[in-house]
Amino acid sequence: MTIRTVLAGLAASAALASAIPAYADTITLGSGDIGNSFTLNYDGFSGGTSIDGLTGSTTFTLTGVSGNDYTFDYNVTNTSSAPVTASRISSFAFNTDPNISSATSTGAFSYTTLSSNYPNGIGTVDVCFKDAATGSCSGGGSGGLTLGQSGTGSFTLSFSQPVSSLTLSDFYVRYQSISGVPGISSASGSGTLTSTGGSTGGTPVPEPGMLGLFGVGLAGLALARRRKAAPPRLAFAA
């Protein structure tokens, strides 16, 4: 393996890694990010089992920072497809840093609950936004978004004191009234950040495969240099 070959491989790997970024599932926002949006796509799972076709998406846009409050517009869409024949998204949720002291919401998900359990092994979430006035984040009511539907509104996160930097993480949705999947009528979904619209969140990180390929390239480069630097062997007469 020549040094030129290794360097060409490294260049190709770097180009591929930059063309296909992966984002950490957190986003950090401040007053300078007003007007910026971020979008997440959600899978579906129940009891540790992934459910094909059970999907959703959300887009959040920071619209204001005032005093102790951060205000967002939201758009939630139920993108589920075959083999799922019916489902409804009844809530969405996430964690905040610092912790919020209260939350309000309007639109399709106009009810809020703080520090409540989210089903399917997720555990406690800092806040959820729901379609019905229930006592927890686990569901209830009969509203929400069915297949192909979108819902919009706004929500405000309030803190005990002014916050210069807010981090949101661990994004989830709740599915209910599922049909087309034998034995499963409700599930949860975990969000993956797919775009950030110019905000400071979603720090790009290399894909694990790219890290491995880059490591192999470095090892090859070191080997090529070692071979080139090795002194010639001398033969001695017996």
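This is a predicted model: local features need pLDDT of at least 70, side-chain atom pairs count only at pLDDT 80 or more; totals for chains, interfaces and linings use all residues.
A residue counts as exposed when its relative accessible area is over 50%. Ser-115 lies in strand β10, residues 111–118. Its phi is near 45°, a positive value in a residue other than glycine. Ser-177 also has a positive phi, of about 55°, and is not a glycine. This serine belongs to strand β14. With a relative accessible area of 43%, Ser-177 is partly exposed. Most residues other than glycine have a negative phi, and most peptide bonds are trans.

Two cis peptide bonds can be described here. One joins Ala-82 and Pro-83, with omega about 10°. Pro-83 sits in the loop between β7 (69–78) and β8. The other runs from Asp-97 to Pro-98, with omega near 5°. Pro-98 is placed in the loop between β8 and β9 (102–107).

Strand β8 (residues 86–97) contains Asn-95. Asn-95 is buried, at a relative accessible area of 16%. Its side chain makes a polar contact with the side chain of Asp-170, at 2.9 Å. A polar atom of the Asn-95 side chain also lies 2.8 Å from the backbone nitrogen of Asp-126. Beyond its neighbours within four places in sequence, Asn-95 is in contact with residues including Thr-124, Val-125, Thr-167, Leu-168 and Ser-169.

The structure holds one salt bridge. It pairs the side chains of Asp-131 and Arg-88, at 3.9 Å from N to O. Asp-131 lies in the loop between β11 (123–130) and β12 (145–146), and Arg-88 in strand β8, so the pair ties together parts that are 43 residues apart in sequence. Asp-131 counts as buried, at 15% relative accessibility. Arg-88 counts as buried as well, at 9%.

In soluble globular proteins, nonpolar side chains tend to be buried together. The largest nonpolar core has 37 residues. Within this core, Phe-38, Phe-60, Phe-72, Phe-92 and Leu-157 touch the most other members. Strand β14 (residues 166–179) gives the most to the core, with six residues. Leaving out residues up to four places away in sequence, Phe-38 touches Phe-60, Phe-72, Leu-168 and Phe-171, among others. Its contacts also include Ile-27, Leu-29 and Leu-193, together with Thr-58, Thr-59, Ser-195 and Thr-196. A second, separate core has eight residues, among them Tyr-118, Ile-122, Val-125 and Cys-128. Val-125 is also one of the contacts of Asn-95.

Technical notes
Residues are numbered from 1 along each chain as its sequence is written. Side-chain values use heavy atoms; hydrogens and water are left out. Helices (H or I, at least four residues) and strands (E, at least two) are DSSP runs, numbered from the N terminus. Buried means under 20% relative accessible area, exposed over 50%, partly exposed in between (1.4 Å probe, protein chains only). A polar contact is a pair of N or O atoms within 3.5 Å; within protein, one must be able to donate a hydrogen and the other to accept it, and residues adjacent in sequence count only if both atoms are side-chain atoms. Contact means heavy atoms within 4.5 Å. A salt bridge is a side-chain nitrogen of Lys or Arg within 4 Å of a carboxyl oxygen of Asp or Glu. A nonpolar core is a set of buried Ala, Val, Leu, Ile, Met, Phe, Trp, Tyr and Cys residues joined through side-chain atoms within 4.5 Å.
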